[in-house]
Amino acid sequence: MPFSPARTHSPPQPGRVPSRLEKPLAIKRRLYPKPRNGSGMFPGPPPSFGVREYLFKRQWLILLTPLAIVLSFFARSHPQWVETVYSTKIYPVLSQSIGSVSALVPFSLAECIIVGLVILGFYLVISLIYRLTRQDAEHTKAWFVARFLSTVLSIGSVIYFLFVLDCGLNYSRYPFTYYSGLNIRDSSAQELSSLCAELIEEANNLSGQVERDENGITRLSGGMYQTAADAKAAFDTLSQGYPVLAGQYAQPKPVFFSRMMSRAQITGVFFPLTFEANVNREAPEYTIPATMCHELSHLRGFMREDEANFIGYLACRQSESAEFQYSGVMLALVHSMNSLYSVDQDAFFALAQQYSPGVAMDFQYNNLYWQQFEGAVAEVSSKVNDSYLKANFQSDGVQSYGRMVDLLLADYRSRHGLE
């Protein structure tokens with residue numbers, strides 16, 4: 001098809017009366033006036049845009065932090081509301097719905113977010129340094145510093161607010177004894193010694209039922225994803241006796257940068273923004289099933305570390321897999337023996353002599369594995385974790401892990417009718 005030439009209009013010739021059909025030239029109007037000098041700038045001083053105007057754009061995000069703090073203290077003062085409204089009604093919907101979306105991908109979305117935040121942090125710092133070292137006619141250095149600080153505070157405020165809404169309120173819920181009916185009380189050293197002796201016997205029996213490598217170290221028979229599926233199945237079994245743990249929750253995920261977790265001496269992380277249970281895949285393998293069950297306890301709304309350890313132990317004990325049973329018993333044994341050492345060292349060394357070769361080899365390998373990562377990074381990680389626990393009303397900080405033994409002793413007395 002031939003193209004039609006564009007219609008043009010030429011100015012009328014002198015002495016000729018223009019026809020009515022001829023239209024005047026179209027007037028083109030600029031949306032923005034053309035700069036009057038060669039610098040590309042408008043004449044006169046640049047438009048005013050100060051710190052207040054910039055901060056106004058995001059200062060409402062920073063206000064999310066005090067709002068989250070108010071919510072946390074409200075929850076602390078109203079545990080019944082937390083348990084009956086948030087923990088058993090709102091939280092399960094959040095965890096299962098968002099977790100189901102995260103479960104659509106086999107890798108850890110939490111890991112991607114953390115890497116992204118690290119990259120963003122480097123970008124913000126480098127960008128600030130660059131802007132502070134160059135001449136800028138429009139903004140002062142104080143403006144760029146204020147911009148950097150407001151950005152960091154805004155990001156941190158949003159993350160903290162989402163953390164409180166997603167799981168932080170669960171730190172104020174009723175303890176797990178509300179559902180288990182276990183009686184927590186002071187226990188004698190003899191009771192603790194009896195508990196340790198029972199756990200040693202169970203660990204010795206189970207150590208011969210798990211696979212081991214040529215060095216005698218426990219190895220998981222399946223891969224990480226199969227073990228994760230078994231952990232989810234173990235919780236499904238446990239939830240039959242504890243309906244509060246029931247639900248369609250996602251299974252744990254291995255972390256790609258597990259070596260970084262090892263350097264920080266972290267075995268697992270629950271990430272509330274994506275509702276994912278993340279596990280260090282490079283940790284000693286006999287610990288992985290119990291770690292998975294520990295993180296799945298967080299996923300189900302039990303955030304206290306002592307309770308998550310105990311619930312993870314119960315899930316492992318209910319599993320049909322000898323690997324899970326062994327992992328759970330070893331978790332309980334190490335906590336119980338550590339407590340026994342603090343009250344009766346003679347009993348501790350006497351019982352430690354009863355370890356089977358397999359149990360002793362796994363404990364030795366576990367100690368050697370984590371010793372290689374001791375240093376500044378591990379110390380900083382421990383301090384951060386301690387501060388995190390205390391900020392969420394676990395006044396003992398990292399010491400709260402030891403309170404798992406009180407639950408183990410209560411369970412021991414319940415099973416043996418010693419109440």
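The secondary structure of the chain comprises 17 helices and three strands. Helices here are DSSP runs of H or I of at least four residues, strands are runs of E of at least two, and both are numbered from the N terminus. The model is predicted: local features need pLDDT of at least 70, side-chain atom pairs count only at pLDDT 80 or more, and totals for chains, interfaces and linings use all residues. Residues are numbered from 1 along each chain as its sequence is written, and side-chain values use heavy atoms, with hydrogens and water left out.

Of the 419 residues in the chain, 41% are buried. Buried means under 20% relative accessible area, exposed means over 50%, and partly exposed lies in between (1.4 Å probe, protein chains only). Contacts were also sorted by sequence separation. A contact means heavy atoms within 4.5 Å. Among contacts between residues at least 6 apart in sequence, 76% join residues at least 24 apart.

The three strands form an open sheet in the order β1-β3-β2, with mixed pairing. β1 (253-254) and β2 (268-271) stand at the edges with a single partner strand each, so one side of each has no neighbour in the sheet. Two strands count as paired if DSSP finds at least two bridges between them. Strands of a sheet pair through backbone hydrogen bonds, either parallel or antiparallel. β2 pairs with β3 (residues 276-279) in the antiparallel sense, over four bridges. Phe271 has Glu276 in β3 as its bridge partner.

Helix α11 (residues 288-299) lies across β2 and β3. Its direction is at about 155 degrees to β3. Axes are lines fitted to C-alpha atoms, for helices over the stretch in contact, and angles run from 0 to 180 degrees between N-to-C directions.

Helices α8 (residues 189-207) and α13 (residues 322-343) also meet. Their axes come within 9 Å and cross at roughly 150 degrees. The two helices are therefore roughly antiparallel (angles over 145 degrees). Their crossing is left-handed; that is, the near helix is turned anticlockwise from the far one by less than a right angle. The residues of this contact divide into 16 nonpolar, five polar and one charged. Ala, Val, Leu, Ile, Met, Phe, Trp, Tyr, Cys and Pro count as nonpolar, Asp, Glu, Lys and Arg as charged, and the others, Gly among them, as polar. Among the residues in contact are Leu192, Leu195 and Leu199 in α8, and Val329, Leu333 and Leu340 in α13.

Ser194 also belongs to α8. Ser194 counts as partly exposed because its relative accessibility is 25%. Ser194 and Leu409 are 215 residues apart in sequence, yet their C-alpha atoms are 9.5 Å apart in space.

Notes:
Angles under 35 degrees count as roughly parallel, over 145 as roughly antiparallel, 65 to 115 as roughly perpendicular and the rest as oblique.
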